[in-house]
Each structure stands twice: as structure tokens, then as C-alpha cells.
Amino acid sequence: MNKTLISVVGPTAIGKTKLAIDLAKHYKTEIISADSRQFFKEMKIGTAVPTDNELAQAPHHFIQHISIEDAYSVGDFEKDAIALLNQLFKTNDIVILVGGSGLYVDAVTKGLDHFPKVAPEVRENLNNKLEKEGLESLQKELENLDANHYKKVDIHNPHRLIRALEICIGTGKPYSSFLNKDKNNRLFKNITVGIEADREIIYDRINRRVDIMVKEGLVEEAKDLFKYKKLNALQTVGYRELFNYFDKEWTLDFAISEIKKNTRRFAKRQLTWFRKNETILWVNFNETISSILTKVDQKLNE
């Protein structure tokens, strides 16, 4: 346990990338991304992938390393990330993990719940149902099959709904019955640093980031991906809304306003997830790096 993973978490657009780089430079180490949206090669602008300049400041892993057409689960990420950590800890006492995907952060720091394998056609049928009948049909089905998990899951996230439903349908048992069983013990210490700000500041940063994305070519990027819109990777904020514009269901201005609204909702859900963790060291978004390092070093020495 003389090795430490420092995890940087918080809502979207809060400044996680910058803090992770500052920490990596200070501790002369490398960064593992746990942002599941940034895994995909084809999705750069809409996922706020670190810039070339940012990537050059510290070694990064799991940034645009797979295609939207590749099957890659949180379980795959857990296995790959732990294997990489085992390598990095041979030459580093500290490694940085960064991302706003709470499930992916937890997969590395705590380990995942283990589920039985389910026939792939179960997921295919659920994806078809989502396309034909909409999100509400999946919400109702999950509420019927697993009321306990329905109360806890993000019911606006089609990935989470489909994952829970495929387990319910494929095993005949509630998804929640598989949760919180034996998990893999970690052979490293974890310090989680959370970045926070007043809600108005978070929302303003999100709105401005979306405007920047549009100026940088988000609409054109989404248009290139429109033909792949049924893929799981593209069932995400920033792309779904523009697909509705390309389908002539919405105007462009309305689609952009919906991206902002849905991203704000996403940030709220991120904070709800992270605030369940009482061990997080919370810092303000405009706190100096020297102040943060003092607090992190105190944690390291405990």
C-alpha cells in the first residue's frame, strides 16, 4: 500500500484536466483518463478531449484509444486500467486518475460488481426498443422488473437503463441483486480530489464551453457521425441533440440550447454521484495549485 492513486473528479467543464496535469507535473507521473466519452477516436470536439498542448504536458492514457464501433465496457476498462496501473507503479509511487464518469472512476478505485454473461441479442432487442418506443418504455420496464434499482439509477441515461435491463431479462433476477457483492481488493491507496463551484458558475462554464465547441466545429463533427447514430457510443449529450437537428425535428438553435440544458443536468447528476463519497477532498475550482498540493500532501502523509 505504498503506492497511491490520486483521482481527480467533479462535474463537466470544472477544470479537471488542468488540475490533473498540474498534479502529474508536480509528482512527475502519468495520467489515466476515466472519462468514458473521451475513449473514442471519432469523438473529439463534443467530448472535450484534452488539446495537443495539454496532452504534451504529461503522458496520458485511454484518450481516443478505441473506435465508436468497438465493443468496450466498463469491465474492459477496469481490467485494462488495473493492468496499466500495475506497470506504472513499478516506476511511479503516484499515478493520477481523472474523469467525470463516476462508474469508471469507481471501477478502478473500488472494483466492479460482477454480473453473469447475457446473450448479446438481449441488448440488441433493447436497443431496438429504445429506437422504436423511446426512453420512457425502458424506464417503465425497469421500474417493473427492478423497482429498487429504478429509484437509484439515472433513468435519463439509456446506457444505464439498457445495462440494468439486460441483466434483469437475461438472468431473470433483479439487477440490484448482484450489487455490492465481493469486489476486488486494491493494492494501492486512493486519494480522491473533487473540484466544486457554485451552481451558477458551473452552469456558466458549461454554457460557454458548448459555445466554444460549436465554434470549433461540433456540428460538422456530429454530421460526420450521423450515419452511426444508432451506436451506443453516440447515445450521449452533444450528439443526440444534433442528430435531431439533422433529422429536421429541431432547429439548430434549439438543439444547441438542449445540449446546454442536458449538459447542466449531467453535471448535476455527476455531483450527486460524487457527493455520496464522504472521503473526497473537495477543493474550489479557482483554488491555487499550491494550496491544493498542501492538502494532497497532508493526505499522502496520513
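A residue is termed buried when its relative accessible area is under 20%, exposed when that area is over 50%, and partly exposed in between, as calculated with a 1.4 Å probe on the protein chains only. The structure is a predicted model, in which local features need pLDDT of at least 70 and side-chain atom pairs count only at pLDDT 80 or more, whereas totals for chains, interfaces and linings use all residues. Residues are numbered from 1 along each chain as its sequence is written, and side-chain values use heavy atoms, with hydrogens and water left out.

Helices (DSSP runs of H or I, at least four residues) and strands (runs of E, at least two) are numbered from the N terminus. Helix α4, spanning residues 102-109, is mostly covered, with 7 of its 8 residues buried. The buried residues of α4 are G102, Y104, V105, D106, A107, V108 and T109. Their cover includes the strands β1 (4-9), β4 (94-98) and β5 (189-196), together with the helices α3 (74-88) and α12. After α4 comes G111, which has a positive phi near 95 degrees.

Two packed helices are described by the angle between their axes and the distance between the axes. Axes are lines fitted to C-alpha atoms, for helices over the stretch in contact, and angles run from 0 to 180 degrees between N-to-C directions. For helix α1 (residues 16-27) and helix α13 (residues 289-300), the angle is about 65 degrees and the axes are 11 Å apart. Contact means heavy atoms within 4.5 Å. On the α1 side, L19, D22, L23, H26 and Y27 meet I289, I292, L293, V296, D297 and L300 of α13. These contact residues comprise 8 nonpolar, 1 polar and 2 charged, where Ala, Val, Leu, Ile, Met, Phe, Trp, Tyr, Cys and Pro count as nonpolar, Asp, Glu, Lys and Arg as charged, and the others, Gly among them, as polar.

L231 is located in the loop between α10 (218-225) and α11 (240-246). Why is L231 classed as partly exposed? L231 is placed in this class because its relative accessible area is 26%, and partly exposed residues lie between the limits of under 20% for buried and over 50% for exposed. Apart from its neighbours within four places in sequence, L231 is in contact with I68 and E69. L231 and V122 are separated by 109 residues in sequence and by 15 Å in space, C-alpha to C-alpha.
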